[in-house]
Amino acid sequence: MTVRFGVVVFPGSNCDSDVYHVIRDVLGQPVDYVWHEETDVSKYQCIVLPGGFSYGDYLRPGALARFSPVMRGVEEYAHDGGLVLGICNGFQILLESGLLPGAMLPNDCLEFRCGWVNLRVDNVDTPFTLEYRRGEVVRMPIAHHEGNYVLDKDLLEALQRRGGITFTYVDESGRATKESNPNGALLNIAGIVNERGNVLGMMPHPERCSEDVLGGEDGLRVFKSVVRYYG
Amino acid sequence: MRFGEVQGVLLVMYRGTVVVTLKETIFDPQGEAVKNSLVAMGFSSVTKVRMGKHIIVYLEAVNEEEAREKLADMARRLLANPVTETYEISLVEVPISR
């Protein structure tokens, strides 16, 4: 099965090459860089908004990227049911664009958090999580300053009810404790999916843990899931 | 000072200030840290500090009402995030000729 991926490159993206490498060299699928000035992404089967500091994180992370030409295409693509994966800054862009609900605040510790976290996979029925087992605890790296996820109470309850929470920061035994929350995110939320299931945002970096030599392969299954979804 | 003209309508230059702060319901750890430092310095009467952004926008409009509407639109759509932030707008006419 061949699945064509597009990795969007904004000025200031810095995880684009990592994602590109994983898809081409580890996953063995065709992949293109998509420059932020392009407007049509309809030829791809999955669009990835990578991590980094798009537009220097000026104003708020993702706030300016959201108005770049490519995001008009990505929004249209998502509304047509196309798969969109936002990682770290990509997640922040999805929130700013309204493709996912909520917003990010600076980490409650006021520090940039960089390190490995334990994640519980809470929803395995999305095109991005088919390769996981429900409730499984996996390890992935995080690296962000604004990962403190917030959402109004009513919307949060709705998100929870429909299984929108996909990844949760947990301890090794799978419990969402205060100590295992690196940034203060509500309900230890690390990743969410939209109602339709085609747009997923996550703060951890699956592309940084897709090869054993880099400390783990738990992240590769995000990309493998997309291929399996189409297979 | 009136200087611009579009289709016979005089335009005025305004300097708008948009102050964006976190909603009262949202914890502001920076503000809290600054408050704690102020209290530690001896400013014991400080009860609260809220941090925010101060954005200055120069724009042309036919009158203050239009300038204010435009700034509010900018604040709603870009300058503030409606999920977490709130904003206040102030305006002054600026005497620039060209």
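1. A salt bridge here is a side-chain nitrogen of Lys or Arg within 4 Å of a carboxyl oxygen of Asp or Glu. In this predicted model, the side chains of A:R60 and B:E85 form one, with an N to O distance of 3.6 Å.

2. Chain A gives 13 residues to the contact and chain B gives 15 residues. Four residue pairs are in polar contact between chain A and chain B. On the chain A side, the residues that touch chain B are eight nonpolar, one polar and four charged.

3. The size of an interface is often given as the accessible area lost when the parts come together. For chain A and chain B, the buried area is about 1100 Å², with 70% of it on carbon and sulfur atoms.

4. The largest nonpolar core has 67 residues, and A:F5 and A:Y149 touch the most other members. Leaving out residues up to four places away in sequence, A:Y149 touches a list of residues including A:F91, A:L95, A:M104, A:L159, A:L186 and A:I192. There is also a second, separate core of 16 residues, with B:V18, B:A67, B:L71 and B:I89 among them.

5. Finally, chain B itself. Its two helices and four strands follow the order β-β-α-β-α-β from the N terminus. Of the 98 residues in chain B, 34% are buried. Among chain B contacts between residues at least 6 apart in sequence, 70% join residues at least 24 apart.

Conventions. Residues are numbered from 1 along each chain as its sequence is written. Chains are lettered from A and ligands numbered from 1 in the order in which they are written. This is a predicted model: local features need pLDDT of at least 70, side-chain atom pairs count only at pLDDT 80 or more; totals for chains, interfaces and linings use all residues. Side-chain values use heavy atoms; hydrogens and water are left out. A nonpolar core is a set of buried Ala, Val, Leu, Ile, Met, Phe, Trp, Tyr and Cys residues joined through side-chain atoms within 4.5 Å. Buried means under 20% relative accessible area, exposed over 50%, partly exposed in between (1.4 Å probe, protein chains only). Contact means heavy atoms within 4.5 Å. Buried area is the accessible area (1.4 Å probe) that two parts lose on being put together, summed over both. A polar contact is a pair of N or O atoms within 3.5 Å; within protein, one must be able to donate a hydrogen and the other to accept it, and residues adjacent in sequence count only if both atoms are side-chain atoms. Ala, Val, Leu, Ile, Met, Phe, Trp, Tyr, Cys and Pro count as nonpolar, Asp, Glu, Lys and Arg as charged, and the others, Gly among them, as polar.
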